[in-house]
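Hello,

Here is the structure I promised to pass on to you. Please open it beside this email, and read on for what turned up in it.

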Number of protein chains: 2
Amino acid sequence: MTLPMIPTITAFERSPDGGKGLARDMRVRWALEEVGQPYEVRLVSFTEMKASAHRTLHPFVQIPTYEEGDLALFESGAIVFHIAERNAGLLPDDANARARAITWMFAALNTMEPPIIDLGIARLMEGDKPWFEQRLPVVEDRIRIRLGELSVRLGDADWLDGAFSAGDLLMVSVLLRLSRSGILDEYPNLSAYVARGKARPAYQRAFDAQLAVFTGKPSSG
Amino acid sequence: MTLPMIPTITAFERSPDGGKGLARDMRVRWALEEVGQPYEVRLVSFTEMKASAHRTLHPFVQIPTYEEGDLALFESGAIVFHIAERNAGLLPDDANARARAITWMFAALNTMEPPIIDLGIARLMEGDKPWFEQRLPVVEDRIRIRLGELSVRLGDADWLDGAFSAGDLLMVSVLLRLSRSGILDEYPNLSAYVARGKARPAYQRAFDAQLAVFTGKPSSG
């Protein structure tokens, strides 16, 4: 008998967001909770993250990573896809519906996230630059273009293409990064979409688990 | 007998890059050429791209799209993945090696491309802004951090993880966007890596095909 393999992911020992669930381990935790896969977490400090052992796991010196026996992965999108491919619940069985769900995964990460990250970088790294105030509305308007397009496509549907999928998991995760900005409130159907994602029991379990790292309170998961 | 299904992709009628192969249809053409899949191209003008027929295909009003019978996809990463999954040649057979190749696909699009796109946006959309000159080196240094990390990981290998894969196809495509900037020349192993990608016969066929749209000369493909 082989014991089931429990994957290990990495997360920040002290996340820059202080437990708001915006670090990228949250996406992987959420995916693991959706499919009911237990997992271990190894917390890494910023010093440990830059050391060669972690750099071997993650060439771009970030979290999360994913280790499962001989397999080591990085990039939250790739890890979520790996989990979705090996377990039921995050990708439809129908081949065409599956390809469309994967399309939304890439759309979340390659079309929607970059302008949103740009806003985060502007705030975090360019807040003290002379151009910050003038450039901010330009960056925000770029996000609004994408949100407007997404809002039209979503319409009054619950999820982007039929049942909840890994595409929705990543899109909601990406949109959550806008929470503090208030921009999302301009698109009521997108706000409701994000609220639906957050209301999922698997999201809640994942959120509690990442928050417990900061409060020191063991999560219920 | 069923005739083989020939997919149709969309591309710019007049690409902003004038046929330098930097528009995202090039990635899809390259993938199709690598696996030997014939394809049709429907050229769209900027006016057509904004019309509702194209918007139904691509909610973010871009190219390329991919149509194959009942299936319609957008996002170049998702289309390349679809081609790689349905045909031999772009993803390894071994399950772990396959997961690692997919990791590089996501790394190319979600870690490496965003700062490179940011440079393109700065040049194209913010070139006349008062902050442009001061901000440019900040943007370029962000790219250098990622290139330095990628350069260390690649070392003297030909490709990112064993044989050429869809991960290399997307990474080379993303790095090609730096051609004009000269930044890539600071990393000789990455320059050589990109040159190896461009030297592949499938890349050449794809490049000639997209260039033929501009020269009016039919491609040999």
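B:Arg27 and B:Glu113 are both buried. This is a predicted model, and in it the side chains of these two residues meet in a salt bridge, with 2.6 Å from N to O. B:Arg27 belongs to helix α1 (residues 25-35) of chain B and B:Glu113 to helix α5 (residues 95-125) of chain B, so the pair ties together parts that are 86 residues apart in sequence.

Setting aside neighbours within four places in sequence, B:Ser173 is in contact with B:Arg27 and B:Trp30. B:Ser173 sits in helix α7 (residues 166-176) of chain B and is buried, with a relative accessible area of 8%. A polar atom of the side chain of B:Ser173 lies 2.7 Å from the backbone oxygen of B:Leu169.

The α7 helix of chain A is worth a look too. How many residues of helix α7 (residues 166-176) of chain A are buried? The count is 11 of its 11 residues, and the helix is mostly covered. Among these buried residues are A:Gly167, A:Asp168, A:Ser173 and A:Leu175. What do the buried residues of α7(A) pack against? Their partners are α1 (25-35), α4, α5, α6, α8 (188-198) and α9 (201-215) of chain A. At the start of α7(A), a side-chain oxygen of A:Ser165 comes within 2.9 Å of the backbone nitrogen of A:Gly167.

Now for the nonpolar core. In soluble globular proteins, nonpolar side chains tend to be buried together. The largest nonpolar core here has 127 residues, and A:Leu147, A:Leu175, B:Leu147 and B:Leu175 touch the most other members.

B:Ser191 lies in helix α8 (residues 188-198) of chain B and is partly exposed, with a relative accessible area of 25%. B:Ser191 and B:Ala212 are 21 residues apart in sequence, and their C-alpha atoms are 26 Å apart in space.

Next, the contact between the two chains. The contact takes 52 residues from chain A and 52 residues from chain B. The area buried between chain A and chain B is about 4,400 Å², with carbon and sulfur atoms giving 59% of it. On the chain A side, A:Phe60, A:Phe106 and A:Trp131 lose the most area to chain B, together 17% of what that side buries.

Polar contacts cross this boundary as well: 18 residue pairs are in polar contact between chain A and chain B, counting pairs with both residues at pLDDT 80 or more. Which elements of chain A supply at least two residues each to the side that touches chain B? They are α3 (52-57), β4 (71-74), α4 (76-86), α5 (95-125) and α6 (132-154). The largest share, 20 residues, comes from α5(A). By kind, the residues on this side of chain A divide into 26 nonpolar, 10 polar and 16 charged.

Charged pairs deserve a paragraph of their own. The structure holds 42 salt bridges over all chains, and eight are found across the interface of chain A and chain B. One of them joins A:Arg135 to B:Glu126, with the closest N and O atoms 3.0 Å apart. B:Glu126 also forms a salt bridge with B:Arg135, the closest N and O atoms being 3.7 Å apart. B:Arg135 counts as buried at 2% relative accessibility, and B:Glu126 is buried with a relative accessible area of 1%. These residues belong to a network of salt bridges that links A:Asp118, A:Glu126, A:Arg135, A:Arg142, B:Asp118, B:Glu126, B:Arg135 and B:Arg142.

Within chain A, A:Arg42 forms a salt bridge with A:Glu67, the closest N and O atoms being 3.1 Å apart. A:Arg42 lies in strand β2 (residues 40-44) and A:Glu67 in strand β3 (residues 65-68), so this pair ties together parts that are 25 residues apart in sequence. A:Arg42 counts as partly exposed at 34% relative accessibility, as does A:Glu67 at 24%.

Definitions and conventions: Residues numbered from 1 in each chain as written. Chains lettered and ligands numbered in written order. Predicted model: local features only at pLDDT ≥ 70, side-chain atom pairs only at ≥ 80, totals over all residues. Heavy atoms only, no water. Contact = heavy atoms within 4.5 Å. Buried area = accessible area lost by both parts, 1.4 Å probe. Salt bridge = Lys/Arg side-chain N within 4 Å of Asp/Glu carboxyl O. Polar contact = N/O pair within 3.5 Å; in protein donor to acceptor, adjacent residues only side chain to side chain. Helix = DSSP H or I, 4+ residues; strand = E, 2+ residues; numbered from the N terminus. Nonpolar A, V, L, I, M, F, W, Y, C, P; charged D, E, K, R; others polar. Core = buried A, V, L, I, M, F, W, Y, C linked by side-chain atoms within 4.5 Å. Buried < 20%, exposed > 50% of the residue type's maximum accessible area, 1.4 Å probe, protein only.
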